[in-house]
Amino acid sequence: MTSIPSTTGSDPCPDSYAAARLRLLHQGVLTGPPRRAALARLTDQWLAALLGEAHGVALVAVGGYGRGELSPRSDLDVMLLHDGSVDASKIAAIADRVWYPVWDMGLALDHSVRTPAEARRTAADDLKVHLGLLDARHLGGDERLTAALRATAYADWRAQAPLRLPELRELGEERARRQGELRFLLEPDLKEARGGLRDAVALRAVAASWLADAPREGLERARGLLLDTRDVLHLVTGRATDRLALQEQDQIATARGLPDADALLREVYEAARTVSYAADVTWREVGRVLRARSGRPRLRRILGGRGGRGGFVEPERVPLAEGVVEQDGEAVLARTARPERDPVLPLRAAAAAAQAGLPLSPHAVRRLAATAGPLPVPWPAEAREALVTLLGAGEPAVAVWEALDAEGLVSGLLPEWEHVRSRPQRNPVHRWTVDRHLVETAVRAAALARGVHRPDLLLVAALLHDIGKGRPGDHSAAGEALTREAAARIGFDPADTDVLATLVRHHLLLAETATRRDLDDPATVRAVTDAVAHPGTLELLHALTEADALATGPAAWSAWRASLVADLVRRAAAALADGAAPDRAVPGPPSAEDGRVVAEALRTGGPAVRLRSRPEGTAPDDAAVPVGVELTIAVPEQPGVLPATAGLLALHRLTVRAAELRAVDGALLLNWRVATEFGSLPEPAQLRNDLVRVLDGSLDVVARLAEREAAYNDRRRGITHAPPRVTVATGGSREATVLEVRAQDAPGLLHRIGRALETAGVWVRSAHVSTLGSNAVDAFYVTTGEGAPLTEPDAGVLAEVLEQALK
């Protein structure tokens with residue numbers, strides 16, 4: 001705790017103190033921490049002189065004054081402590097001798113008169129009093145009284161920490177609900193809002209409990225910046241205020257030597273971000289420590305267990321992804337993880353944490369920031385998919401993104417991010433800073449991902465749509481150029497890069513056109529179709545428009561505005577429908593290698609399997625994990641091949657990234673692109689033998705997957721995703737009925753789809769499966785047993801049955 005030497009002065013005259021105080025505050029020789037410390041010393045000397053010689057009495061500074069953090073208009077928090085041996089009238093006279101000159105000076109005084117026992121009882125009843133005593137500092141009188149008070153306050157605090165810390169956390173949460181989050185407010189309260197000075201004090205109290213400690217890097221600097229800003233606020237306004245009002249921000253920025261109010265807010269927001277992140281990490285650690293102190297772990301130690309001496313049980317570590325495990329409610333790095341050899345690991349860990357609804361361990365993030373190498377340019381497919389998976393996780397992605405951003409990893413991945421980081425938006429409609437608005441837009445877009453054909457492009461466009469803010473000129477035009485650079489670096493091909501650039505350039509087009517133009521005027525629709533020339537891009541722009549508005553604030557989206565935009569989109573889609581080319585290409589004939597696998601299956605009458613790695617991009621030396629694996633399986637045509645094969649891959653923890661199924665010369669040919677969730681690849685012979693057992697019924701893949709799915713769902717209980725969506729693609733094929741399935745990717749998803757279709761009695765003639773981040777976007781061409789397309793009513797019923805099965 002801060003220690004400021006106090007000197008008993010010989011002149012208690014208030015005029016001398018007032019003159020010295022004015023010189024100190026307005027001559028500008030000292031600023032920041034030196035000025036606060038000097039003001040505290042000057043005030044110490046004056047109050048000690050007012051007290052004079054006293055026996056059995058001590059004058060004690062508590063709270064902010066005890067820490068020596070006196071801003072120009074701060075209250076003086078002072079306690080007159082006495083041992084009870086002095087007559088009450090004499091104590092009252094001493095108090096008057098100290099209090100009245102302070103009041104006469106016009107200074108705010110928070111005062112009390114107590115014995116040590118009374119102080120202890122009051123602290124036991126009032127958490128705020130106890131917090132103030134932790135910063136108790138001697139001003140004058142009997143030093144032994146002050147020392148004993150501090151010792152008792154700390155001993156009680158540590159003994160009562162399991163009860164008091166949850167109370168302290170609840171106070172902070174209630175304050176945040178009341179005051180909001182400092183780093184997103186246009187007129188923030190530097191003290192009371194979340195991430196402000198109150199939270200910084202709470203972190204000191206947690207450290208004093210010895211149960212947990214806050215991340216220290218940058219925390220003192222952040223706290224100092226908030227205090228410096230409050231000092232200038234007091235001097236500019238002449239009032240004891242903690243709120244940065246809009247009309248005073250330019251003047252405060254000038255006094256702080258900053259170019260404008262935006263620069264001031266950005267500094268304040270960065271400091272608040274540091275405090276908020278430290279608070280999140282600290283309270284999580286407090287919760288973990290308190291849970292570990294509960295009776296259950298003690299019972300386990302008494303009963304004994306594996307993995308440790310004296311019956312201690314090793315913390316359970318559940319694999320989440322290659323190099324990432326879940327431990328004690330956090331996503332942490334596996335013991336075998338090698339960030340220096342695995343540049344995709346930061347994104348893989350972030351995606352795994354967000355999908356599991358877990359925080360990313362701060363120790364893991366720091367290690368990744370310190371050791372992970374840069375991604376090759378363009379990024380490998382695994383890195384791009386991990387980014388999309390992270391963004392597609394919805395609300396849990398926010399905390400994970402903040403953890404990456406706190407350690408500089410986001411700016412390392414996306415250099416464009418640094419320019420919008422903590423950038424304020426001077427528009428009362430906006431709830432967030434630019435960077436947080438972009439993340440919130442991705443969260444909203446994740447909820448709309450089931451309604452678009454390319455959820456990956458929607459999510460990345462959501463993340464980048466305002467990336468041009470703060471640049472010269474139109475932020476949409478600037479954002480288009482930045483998006484082209486970022487998309488190419490991330491690894492999108494030229495066609496996808498064009499779509500992303502179009503979405504960013506025109507992300508305001510639909511809302512502005514629908515609300516400002518006559519929808520019956522053909523020129524209005526033409527303005528949209530001239531800018532967005534493809535139905536799929538229009539579909540994405542519609543979803544981005546809604547996500548952007550919902551992330552802006554409640555005033556930005558209404559039923560009226562939504563209906564206008566939807567009407568404009570319907571008209572533009574109808575105009576684009578004439579001559580629109582179909583999206584789905586007809587697959588060519590099988591390759592020679594595929595033909596050999598088919599011939600092997602027909603010759604043996606059983607499955608034929610080919611497995612090979614297909615590296616993408618440039619991997620670092622000694623990279624242990626293959627980034628792409630091609631698996632080809634051919635089976636003589638028979639019922640149940642799709643669910644059997646998909647179930648087998650799930651059992652071997654192979655994640656399906658893309659797949660195609662088609663009939664070739666009396667066999668079913670399945671081409672898969674897969675990746676291992678963790679661990680090494682299975683051998684082709686093992687896959688073949690297991691597939692034979694699944695097809696003949698000797699390996700109960702349904703029961704095995706049910707056990708795993710139950711464990712998976714238990715770990716993710718409470719995590720919500722957009723519901724699955726199954727539609728019939730009208731006109732998708734003349735020979736078959738096309739079912740389009742969009743759902744949250746999960747272990748065994750394709751197996752469940754295949755089983756549902758098999759149970760419904762339809763044949764899967766071909767399938768096109770793709771996983772875009774965490775979203776499965778699949779198309780199944782199905783027929784009746786006689787090989788004919790389903791009737792329209794039967795197709796509708798099948799779509800409903802399949803959708804219910806996936807829920």
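At which residues does UniProt place the feature "domain: ACT"? In this predicted model, the feature, taken from an unreviewed UniProt entry, falls at residues 630–706 and 738–807. Residues 630–706 are 39% helix and 36% strand, and the C-alpha atoms at the ends of this span are separated by 26 Å. For residues 738–807, helix accounts for 37% of the chain and strand for 37%, with 20 Å between the end C-alpha atoms.

Two helix pairs were examined for packing geometry. Helix α15, formed by residues 381–391, packs against helix α16, formed by residues 396–406, at an angle of about 125°, and the two axes are 9 Å apart. Angles over 145 degrees count as roughly antiparallel and those from 65 to 115 as roughly perpendicular; α15 and α16 are therefore oblique to each other. On the α15 side the contact consists of Leu387, Leu390 and Leu391, which meet Ala397, Val400, Trp401 and Leu404 of α16. By residue class, this contact comprises 7 nonpolar, no polar and no charged residues.

The second pair consists of helix α20 (residues 455–464) and helix α22 (residues 494–505), whose axes cross at roughly 45° and come within 9 Å. The crossing angle makes α20 oblique to α22, and the crossing is right-handed. Leu457, Val460, Ala461 and Leu464 are the α20 residues in the contact, and their counterparts in α22 are Asp496, Val499, Leu500, Leu503 and Val504. The contact of α20 with α22 divides into 8 nonpolar residues, no polar residues and 1 charged residue.

Methods:
Residues are numbered from 1 along each chain as its sequence is written. This is a predicted model: local features need pLDDT of at least 70, side-chain atom pairs count only at pLDDT 80 or more; totals for chains, interfaces and linings use all residues. Side-chain values use heavy atoms; hydrogens and water are left out. Axes are lines fitted to C-alpha atoms, for helices over the stretch in contact, and angles run from 0 to 180 degrees between N-to-C directions. Helices (H or I, at least four residues) and strands (E, at least two) are DSSP runs, numbered from the N terminus. Angles under 35 degrees count as roughly parallel, over 145 as roughly antiparallel, 65 to 115 as roughly perpendicular and the rest as oblique. Contact means heavy atoms within 4.5 Å. Ala, Val, Leu, Ile, Met, Phe, Trp, Tyr, Cys and Pro count as nonpolar, Asp, Glu, Lys and Arg as charged, and the others, Gly among them, as polar. UniProt positions are given in the numbering used here, feature names are shortened, and annotations may be inferred rather than shown by experiment. A crossing is left-handed if the near helix is turned anticlockwise from the far one by less than a right angle, and right-handed if clockwise.
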